[in-house]
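Please open the model in your viewer and keep the selection tool at hand.

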Amino acid sequence: MGGGPGGLYAAALLKRLDPAREVTVWEKNAPDDTFGFGVVLSDETLGGIEHADPVVYAALREEFVRWDDIDIVHRGARHTSGGHGFSALGRRRLLAVLHERCRDLGVDLRFRTPAPPAAELAATHDLVVAADGVHSRTRAAHADVFKPTVTGHRCRYIWLAADFAFDAFRFEIAETEHGVMQLHGYPFSPTDSTVIVEMREEVWRAAGFADMEVGESIEACAKTFSDALGGRALRSNNSSWLTFRTVVNDRWAHGNTVLLGDAAHTAHFSIGSGTKLAVEDALALAACLREQPDVPAALAAYEAERRPVVESTQRAARASLQWFEELPLYLGQPPRQFAFNLLTRSRRVTHDNLRLRDERFTAAVERDFGCPPGTPPMFTPFRLRELTLRNRVVVSPMDMYSAVDGVPGDFHLVHLGARALGGAALVMTEMVCVSERGRITPGCAGLYTDEQADAWARVADFVHTQAPGTALGVQLGHSGRKGSTKLMWEGIDDPLDTGNWPLVAPSPLPYKPGSQTPRALRADELPAIRDQFVAAARRAARAGFDLLELHCAHGYLLSSFLSPLTNQRTDAYGGSLTGRLRFPLEVFDAVREVWPPERPMTVRVSATDWADGGTTADDAVAVARAFAAHGADAIDVSTGQVVSDERPAYGRSYQTPYADRIRNETGIPVIAVGAISSWDDVNSLILAGRTDLCALARPHLYDPHWTLHAAAEQSYTGPGVTWPLQYRAGSRRPQTGRTDAPKPRLTLGPP
């Protein structure tokens with residue numbers, strides 16, 4: 001059902017693998033009706049086609065135009081990055097090749113013929129492949145089974161073409177009186193290029209496109225991007241202004257009916273993967289039908305194989321889409337950094353990957369950023385007040401649940417000491433609680449007694465003596481409604497079986513079913529809790545900590561004041577965001593007053609609650625501005641853990657867009673955190689200007705010397721990291737056995 005590239009290629013493969021099959025394609029449009037102009041396919045996809053059907057591959061190879069460069073044009077500056085490798089052809093030519101292949105194989109192609117309902121076809125066929133596109137009737141008819149989620153986005157775009165071939169994949173930014181517009185262009189034949197014009201909805205309306213005929217708006221686009229087009233006109237193919245919709249389905253199969261391509265999933269055109277995904281779906285489906293004993297097993301195997309790949313691509317596409325939605329944030333970046341930021345927006349292309357593709361371009365970006373020769377971005381220094389961090393790596397706060405009566409012991413000395421020796425510029429403690437009743441668990445550390453302060457001073461002395469140049473930070477917090485729970489490995493967030501202590505919160509709302517219900521704090525009780533933070537801060541200063549972070553994230557007490565889901569007060573400490581900020585800011589001000597003026601203070605926030613009605617990204621920007629106005633030196637940007645029914649969009653570096661937005665919208669330094677695991681990601685985020693520091697947690701559990709090893713793996717030996725004298729003999733990567741086989745020395749052809 002559906003005669004697009006995915007449906008046609010699936011039909012051809014299924015027929016080729018078993019000529020006895022009767023394969024029918026229903027397509028409601030004429031053979032040469034198509035949306036858009038050019039199609040870009042990766043070398044990986046082409047390799048799959050070559051192995052599965054050399055005839056199709058040979059036909060496509062004759063049609064492809066290839067190029068390596070990407071041009072980014074911004075404020076009159078054109079920067080080119082090479083080594084990327086693209087292949088494209090006209091969509092009509094692609095369809096024609098597939099039509100011919102289907103006919104040669106004996107596939108029954110029925111054009112101008114709407115398909116009967118999938119349920120009707122399923123009763124008379126062994127398999128129904130629903131390749132009926134983003135507006136799939138099949139998906140809609142069986143929504144109760146597939147459970148689709150369709151998400152609209154904030155930009156309008158239109159597919160057009162120009163009668164000349166760009167010599168690179170071109171991104172051009174136009175700053176107009178109405179707002180920012182962008183052009184995505186690439187060649188698809190020796191004489192033609194695809195041109196996509198995109199802009200935010202409000203810009204589209206301000207420019208008058210909503211009131212124009214399509215032809216008039218196309219002329220306006222050509223005028224806006226006249227330089228890129230060399231004064232040429234743009235042409236349409238039944239083009240109209242669209243809003244991209246991301247399609248996700250909980251299931252892809254229903255009986256013997258299966259979704260393929262855009263019917264199952266969509267990925268934003270800015271990473272060029274719609275047709276690629278559909279073709280790869282077809283390859284996988286055909287292979288699974290060949291390998292599995294029956295159709296149900298084949299459809300299950302197909303979904304199991306493709307879903308992880310698709311979800312990864314959709315995460316990259318979402319990152320790219322959001323980057324273009326937030327494009328105005330980056331316009332003030334230096335031109336080369338802007339270009340690097342654009343190239344790495346999806347996180348598929350990274351600093352190291354781009355250096356392999358185009359070393360000269362990447363070196364120029366590093367030079368503009370201020371990297372000394374041979375210095376990766378992560379090993380450049382960063383200053384907060386009088387504290388200069390020698391590199392951009394932070395050991396993120398991680399609760400260890402190993403204190404006794406709030407006193408950190410030998411475990412903490414070894415745990416934090418090992419990570420201080422491991423090369424990170426800043427090592428953070430776990431959340432250190434400001435009162436006995438402010439603990440999360442009985443194993444949480446505190447700073448509410450002098451004995452605890454003395455124990456922390458022992459840790460600080462070790463760090464400063466044995467790991468000179470490493471800063472030690474303390475994170476102060478109060479558990480609020482998430483307190484009096486078991487140790488993590490005994491039952492995370494579960495109440496204690498015995499010995500519970502009473503909880504307090506802004507409102508009497510339990511964290512989850514079965515949790516203790518906290519008592520709502522009265523306004524006259526708040527000063528006492530504020531003073532607990534102040535007393536803990538005084539002890540932290542005497543203990544020798546270099547930096548103090550106020551924990552206003554993850555649903556603990558101060559975080560609970562900030563979120564509308566957990567703060568339902570009607571007094572001055574609730575209601576609007578201004579009211580919800582009042583107590584956290586009072587605590588911050590009181591702590592800042594006693595914290596030594598030369599030492600920095602940061603604030604950790606949850607930039608979204610991942611739940612309807614909760615904190616939004618806009619709120620997070622306002623919260624960051626408020627704390628910065630009161631003297632915060634940086635914002636540590638985390639997300640979630642505020643309500644138990646949250647639905648996070650997990651993935652690599654999944655929280656960094658929130659840090660990125662705060663930094664580039666407000667100019668406030670930020671610490672990015674959340675599934676950042678490789679030094680390549682750290683370099684990419686720093687060099688693109690999306691964050692100032694990167695906090696890594698689990699990678700430092702896996703490898704206490706993560707930063708030292710990152711330096712060794714990049715052959716870096718400068719001042720940004722120092723190997724302890726005792727470890728210096730291990731500062732080079734150990735040798736390993738050879739894994740490569742000797743290459744042939746001589747190849748002889750026929751005599």
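Begin by selecting Arg-661, which lies in helix H23 (residues 656–666); helices (H or I, at least four residues) and strands (E, at least two) are DSSP runs, numbered from the N terminus. This is a predicted model, in which local features need pLDDT of at least 70 and side-chain atom pairs count only at pLDDT 80 or more, while totals for chains, interfaces and linings use all residues. Residues are numbered from 1 along each chain as its sequence is written, and side-chain values use heavy atoms, with hydrogens and water left out.

Arg-661 counts as buried because its relative accessibility is 16%; buried means under 20% relative accessible area, exposed over 50%, and partly exposed in between (1.4 Å probe, protein chains only). Leaving aside residues up to four places away in sequence, Arg-661 touches Leu-329, Ala-617, Asp-618, Val-621 and Thr-666, contact meaning heavy atoms within 4.5 Å.

Next, select helix H17 (residues 450–466). Its buried residues are Gln-452, Ala-453, Ala-455, Trp-456, Val-459, Ala-460 and Val-463. The face turned away from this buried side carries the exposed Glu-451 and Asp-454. Among the elements covering the buried residues of H17 are helix H16 (410–421) and strand S20 (426–433).

Finally, select helix H2 (residues 43–52) and helix H11 (residues 274–291), whose axes come within 10 Å and cross at roughly 35°; axes are lines fitted to C-alpha atoms, for helices over the stretch in contact, and angles run from 0 to 180 degrees between N-to-C directions. The contact is made by Glu-44, Thr-45, Gly-48, Ile-49 and Ala-52 of H2 and by Lys-276, Val-279, Glu-280 and Leu-283 of H11.

Terms used. Expected span 1.5 Å × (residues − 1).
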